Amino acid sequence: MIETLPAAYRARVRNDNWNNYSMLRHGAFDGMLVTSKNSGTHWLKYMLAIAIADTHGIARPKYFSENAVRPYIGWPKDKLTFPDIPRLAFSHTIPHRLADWGWARRAANLPPYVLAVRHPMAILASHHAKWEYDIKVDWLAYLKGDPGGKQYRCDIYWLARFWNRWGDVCVDAPGRILTVHYEDTLKDARAVLEAVAAHWSLDLTPGAIDAALAAGTKAEMAKHTDPDAEPNVLQNRKTSLADLFTGEAMDLYRTQVKTLFRHDLGYDLLNLPA
């Protein structure tokens, strides 16, 4: 099957698998949050940042934007801001093949990972709605994607690369990775925050988790929008998934998923999410 995939896609997969050494920075952290794009990253990070701040008696982030939350859950290259809190970072990285091997994970001192994902149909719909003003292509053209990974920040080919590699690592190191579904966070955010805290040994106080849940509603987050951050984060997509994924669009999506994806990360990929 590999030989039938587009050459540009195969080249991008090889590059991700063997030339992306960013995970070597992760050993400096107590926990890593790796998220698929458009999977509630801002929401989860903001709630965690509030809970960490309240637990440790430090100032909360002023906004829910990426830059405002970076002192609490930053980029792997960021310098330490608060020395007395657990050191956490986040990334959208697609891991090097070294992450598949136990000896390499131990040598790099890789921390426990939280892998936050969402149903691919919802990711694609959300990403197109968020960035349509910039990418300027219609829905069907966007669904076809770019095998070489240059045209879009996220499309079906990026999702397949992310899903496949993290699926591989989950199989090889299941105890080191906690997979969090966005849909489960919607249903029970408290349970998700508690699971993440346990996985990273954060010792969050019950009151801090209560505060994080209160701050993490869409209404409350809207009061903390960073005027300098990217637009349309708290989007309200007007077209339902059932309307977007119908006819030719659904046929195209299913064909791509059957061809590209090797792991499901706990989802029924071929049907609309419940």
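Start by selecting Asp 203, which is exposed with a relative accessible area of 65%; exposed means over 50%, buried under 20% and partly exposed in between, using a 1.4 Å probe and protein chains only. You will find Asp 203 in the loop between α9 (189-200) and α10 (206-215). Helices (H or I, at least four residues) and strands (E, at least two) are DSSP runs, numbered from the N terminus. Check the backbone while you are there: Asp 203 is not a glycine, yet its phi is positive, at about 55°.

A word on what you are looking at. This is a predicted model, in which local features need pLDDT of at least 70 and side-chain atom pairs count only at pLDDT 80 or more, while totals for chains, interfaces and linings use all residues. Residues are numbered from 1 along each chain as its sequence is written, and side-chain values use heavy atoms, with hydrogens and water left out.

Next, select Asn 38, in the loop between β1 (31-35) and α2 (41-56). Asn 38 also has a positive phi of about 55° without being a glycine. Is Asn 38 buried or exposed? Asn 38 counts as buried, because its relative accessibility is 15% and the limit for buried is under 20%.

Now show helix α7 (residues 156-172) together with helix α13 (residues 248-260). Their axes come within 10 Å and cross at roughly 35°; the axes are lines fitted to C-alpha atoms over the stretch in contact, and angles run from 0 to 180 degrees between N-to-C directions. The crossing of α7 past α13 is right-handed, that is, the near helix is turned clockwise from the far one, whereas a left-handed one is turned anticlockwise by less than a right angle. To see the meeting surfaces, display Ile 156, Tyr 157, Ala 160 and Asn 164 from α7 with Tyr 253, Gln 256, Val 257 and Leu 260 from α13. Contact here means heavy atoms within 4.5 Å.

Stay with Gln 256 in helix α13. Gln 256 is buried, with a relative accessible area of 8%. Leaving aside residues up to four places away in sequence, Gln 256 touches Leu 143, Lys 144, Ile 156 and Phe 261. For a jump across the model, draw a line from the C-alpha of Gln 256 to that of Ala 99: the two are 157 residues apart along the chain and separated by 26 Å.

Finish at Trp 101, in the loop between β3 (88-91) and α4 (102-107). Trp 101 is partly exposed, with a relative accessible area of 30%.
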